[in-house]
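Please read the following account alongside the coordinates, beginning with a single chain and ending with the way the chains meet.

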Protein chains: 2
Amino acid sequence: MGARRWPVADRDETARRVLASAEVPDSGVTPSPEISGWLAERAAAGRFDVALIPFEAMRGWHFDPANGNLRHESGRFFSIEGLRVRRGDGPGRVWGQPIIVQPEVGLLGIVAREIHGVLHFLVQAKMEPGNINTLQISPTVQATRSNFTGVHRGRGIRFLDLFLEPGRARVLVDVLQSEQAEWFLAKRNRNMVVEIGPDEELETGEDFRWLTLGQIRALLTADNLVNMDARSVLACLPTAGGGQVAGDDFAAVLRRSFTDRSAPTLCSAAELGSWFTGVRALEELVQRLIPLDAVAAHGWEHGPDEIAHRSGHHFRVLAADITASNREVARWSQPLIQQRHPSLLALIVKRVDGVLHALVQARVDVGHLNVAELAPTVHCRPADHRAPEAAPAPPYLDVVLGASPAQFRYDTVQSEEGGRFYHARNRYAIVEVPESFDAASGTDEDTAGDYAWVTFGQLTELLAHGNYVNVELRTLIACAHALY
Amino acid sequence: MGARRWPVADRDETARRVLASAEVPDSGVTPSPEISGWLAERAAAGRFDVALIPFEAMRGWHFDPANGNLRHESGRFFSIEGLRVRRGDGPGRVWGQPIIVQPEVGLLGIVAREIHGVLHFLVQAKMEPGNINTLQISPTVQATRSNFTGVHRGRGIRFLDLFLEPGRARVLVDVLQSEQAEWFLAKRNRNMVVEIGPDEELETGEDFRWLTLGQIRALLTADNLVNMDARSVLACLPTAGGGQVAGDDFAAVLRRSFTDRSAPTLCSAAELGSWFTGVRALEELVQRLIPLDAVAAHGWEHGPDEIAHRSGHHFRVLAADITASNREVARWSQPLIQQRHPSLLALIVKRVDGVLHALVQARVDVGHLNVAELAPTVHCRPADHRAPEAAPAPPYLDVVLGASPAQFRYDTVQSEEGGRFYHARNRYAIVEVPESFDAASGTDEDTAGDYAWVTFGQLTELLAHGNYVNVELRTLIACAHALY
C-alpha cells in the first residue's frame, strides 16, 4: 500500500500461535465448567419469540407485483427471487428454484487477544430466529452491510470499529468466503480475525467470553453449539507452517496434515490448481435470475404461508415474525428457508505416508459465484436418494453409510445460519478409511475426476483465497480441529 | 487426485526455464529476421474481408422481440444484453449499458516444447475480424466452448487435444482469467501453457512458428503485433522463484522484481490479501442483467447500424459480415464492439531497495465477477476527461501525461481481442518515477487506499489464481518482460 494502512500478521507466525492456543483446554480466563451455565443464563436473560406467519402478515416485506419477488420495502437486506440454471447441453439439465439474493458483503469477525501468553478468541452468545435452540456461540461480530450502514436503523454494533477502522487492530485472517450455494446466489462474507493488544481491555459484558482454541475445539464436539459463522471463520485460521509433528496415532497424522508444510502430499498445489481449473472450465453452469413467479414452471407451488416444491424435496420458503428483547430492532418479520430433509456432509480421510489426507469433491452448485468449489466427499440429502423415483446415490455415500462406528472419527449435528435458515441441522462426519482405499473403485472414470486427496494444510492455504472451499467443508475443517 | 490424471510442472522449475528462454534472442529454430516475412506471407495467403453492415442484414443474429437482446439463432456463442449497475448508495451511482454475455469458458492455450535445451512457444499467425491489421501473433489455440463442442459446425481445431486430453502434455500454466470488464459480464478464459516432449514432432504447417520467450519479448515492443490472448497467457507464466539477480540498472531491478522471492517487498502477501479483501467487501457493486431495450433510459440510442451512447463517449455496438478463406467457417456475421476513444493503460513503477515496484489499482468495473481486480495505475480514456462537462481526471493521469520521454520505459500501442472488438487499440505504458515519489501525494485519503505497491513477482504469484489481475494489467506484465 502507498502508506501501510494497517498491520497484518505473518501467516506462519499466526499458525504457530493458533496451534499453541489449541493446546490449552482451559486457561482459567473463562473456566470451562462455567461455559454451559453462562449459555443457559444468557438464554434465560433474553426473550426471543419466533412465530411462523402467512406471507401477507409480514411487516415491511411484500411480493413485488411486477415479478413476484419477495422483497423488503427499503429495497435492502435481501430478496427471494427465481433462479434458472442450465448445466451443459443434455436434456433435464435445466432447473429453476427460489434463491436468496443478497449482493452485499457481510462481516463475520472474531476479536483475538493474547492473555497469559495464549491467544484467546472473543465469542458471543447470540440468538437467531432460525436456531433450533435459539442461542449459539457466534463470532464477536456478525453483521450485514445493511446493519452497519444504518438501513436497519438499529442500535450500533459492538466492536465493529475493530474490523472497519484500519490500524485499530492487527489482522490475522481477512478473506471473502461463500455461503450455501443451494440457497444463496453468489453470497460472500468477509471472514476476519483481528487481534488487539494484550493490555487492551474491552468492555465485553455478559454476552461475550474469551475462549482458547482448545476450549472451542471441545465445544465443536457438541451438537448445535458453535454456529455456522463461527465455524466458517475458525476454518480460515492458518495452520500450514505451524511446524513438524512426531508420532503416528490418528491425532498425530491429523495434526501433521494441518501443520507440516514439509510433509508429503499426494498432489502438489500446482496439480490441485490445474485439476480445479479444469473442472471450472469444462463444467458449464449458466445462471440467470428470473421472476420468482416463474419458478412455478419448475414445480414450485406458492401457498399463503409457504413456497414449496411439489415433490416434497428441496426446501420451503416461510415467513416469520420475531420478537426479541436484545437485538438492535425489537420486532421484525423476515423470510426463512427450511430444508425438507437434513443433509449428510461427510469427509472421507485416510493416512498416506503418515499424513492424513481428505477426499474432497469439486462440486458444482446452483448459486456458485465461479462454477465449482471444494466440498465434502459426500454432500447430499440421503432422503432424496431413498424414494422409488429418487436420483441415484452420489459416489461414496455407501462408503459412509456402511462405515463401522470406529471409522467415525467425528459425527455431530451442526446448524446452518439461523439468520436465514429455519431449524437447518445437518449431520457432519469425518470417516477414516484404510490407506488401501482406492477412491476410484466403484466409481466411473468421470466421477473419479471430480475428487482429489488433499491435506488439511493445503485446505487452510487455499482458504487464504475466496471461493475455493465451500461453507460445508469449512465446517468440517473447523470440526477436524477437535480431533488432534 | 484419486489417481493422478496428468502431470503438472513445479512452478519454480518452470520459472527458471521461462527466464532461461527469455535470455535467448534467437535460437535459430525460427530465425528472427524471418518473422516479419512469415507474417507478411501469411497475411497475403489468407483472404479476409470485413464489412460493417446494418443489424438487419446479419445472418443468424437477431434482436429478440421479447427484450431486444441481440442473439444468435442457435442460442450459443454470446449475446448482447443490457446491464444495470449500482455502486454504493449515493445519487448518480446507477449506470446502464449494453454488455457481452458469454457465460461459457473459452480456452487460450500455448504449446511449449524444449528444443536444443531451450523452451520454445508455438505461436500462430491468426486473422480476426476486428484487428486493425487483420493478422496478429496468437496463442496456439484460441477457442470458445461453442467452437470445440461443435455448435460452430466448423472444422476441428488443431492441437486442442493437447489441452483437453489429460496426460497428453505436461501442464506449465492452467488458470481462469477475466477479460475486459467494461464490455464483458464476468467473462473467463482458461489460460494454459502445456509442454510436449522434446522429441515429439508436431505437424505445425505454415500458420505456426516456434519462438523463444526472448523472441516474443522483442515482438512485444512493436505496435499491434502480439494479440491480447497471447499477452494474457504469457503474463501467467510463473517467474517468482526464478532466482537471485545481480546489478542495479533498470533491467536488473526489474528482473529482480520478477524473479527473486527473497528480495524485499513493500507489502507482504498477507497485507496485499487483506487490503484487497477490504476493497471487495466495502465497495458495493450490484449488477443485474436487464433487457437491451432498457438501456435507452441510460442514454443509449439504437440506430439501424449501431447502438451508441448519445454523449459520444463509451462504445458502439456494430454489425459485421466477414468472409474468410482460412477459418473453420468461411463466412459469417457477428456483432463487434467499437470503443469511441483509445484508452491509456499506464503502470507507474519505482525502485525500492533495488527492487522495482509497480503501483497497482484495485479497480471496480461494471462486468467484474467479484467486484474488484488489480489494474494498471492509470486505466482510463483521456478523451473522456477533456470535454467541458467531463468526469474529473483519475489519480496519477497527470503524473503519466507529465512524464519526460526518459521516464517512459515502455510506450506502445496494443490491440484488444479482434474477435469481439473492432479496431480497439490502446496505449500501454510503463513509467518510472523517482524512489522519492509518494503515491499518496496529491490524492485524497480515499484514493490512496485503492492503490498498492507490488513487485512483478507478487503479481505472477497472484496469477496462479483467477480474478486478481485484470487483462489490461496482464498485458503490461507481459510487456514488462521486454524490458529486462
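This is a predicted model: local features need pLDDT of at least 70, side-chain atom pairs count only at pLDDT 80 or more; totals for chains, interfaces and linings use all residues.

A salt bridge is taken here to be a side-chain nitrogen of Lys or Arg lying within 4 Å of a carboxyl oxygen of Asp or Glu. Because A:R11 belongs to helix α1 (residues 11-22) of chain A and A:E461 to helix α11 (residues 456-462) of chain A, the pair ties together parts that are 450 residues apart in sequence. A search of the whole structure, taken over all chains, finds 65 salt bridges.

The chain that holds this pair, chain A, has twelve helices and 24 strands. Its radius of gyration is 22 Å, which is close to the 23 Å given by the globule rule for 484 residues, so chain A is as compact as a globular protein of that length. Along the principal axes, the C-alpha trace of chain A spans about 65 × 55 × 50 Å.

The same surface serves both copies, since 100% of the contact residues of chain B recur in chain A.

The interface itself brings 54 residues of chain B into contact with 54 residues of chain A. Between them the two chains bury about 4600 Å², and 51% of that area is on carbon and sulfur atoms. Six salt bridges are found across the interface of chain B and chain A, and one that joins the two chains is formed by the side chains of A:E284 and B:R145, at 3.4 Å from N to O. Across this interface there are also 19 residue pairs in polar contact, with both residues at pLDDT 80 or more.

Several elements of chain B each supply at least two residues to the side that touches chain A, among them the strands β4 (79-87), β10 (170-178) and β11 (188-196) and the helix α8 (269-282). The largest share of that side, eleven residues, comes from α8(B). Sorted by class, the side of chain B that touches chain A has 28 nonpolar, ten polar and 16 charged residues.

Technical notes
Residues are numbered from 1 along each chain as its sequence is written. Chains are lettered from A and ligands numbered from 1 in the order in which they are written. Side-chain values use heavy atoms; hydrogens and water are left out. Contact means heavy atoms within 4.5 Å. Buried area is the accessible area (1.4 Å probe) that two parts lose on being put together, summed over both. A polar contact is a pair of N or O atoms within 3.5 Å; within protein, one must be able to donate a hydrogen and the other to accept it, and residues adjacent in sequence count only if both atoms are side-chain atoms. Helices (H or I, at least four residues) and strands (E, at least two) are DSSP runs, numbered from the N terminus. Ala, Val, Leu, Ile, Met, Phe, Trp, Tyr, Cys and Pro count as nonpolar, Asp, Glu, Lys and Arg as charged, and the others, Gly among them, as polar. The radius of gyration is taken over C-alpha atoms; the globule rule is 2.2 Å times the number of residues to the power 0.38.
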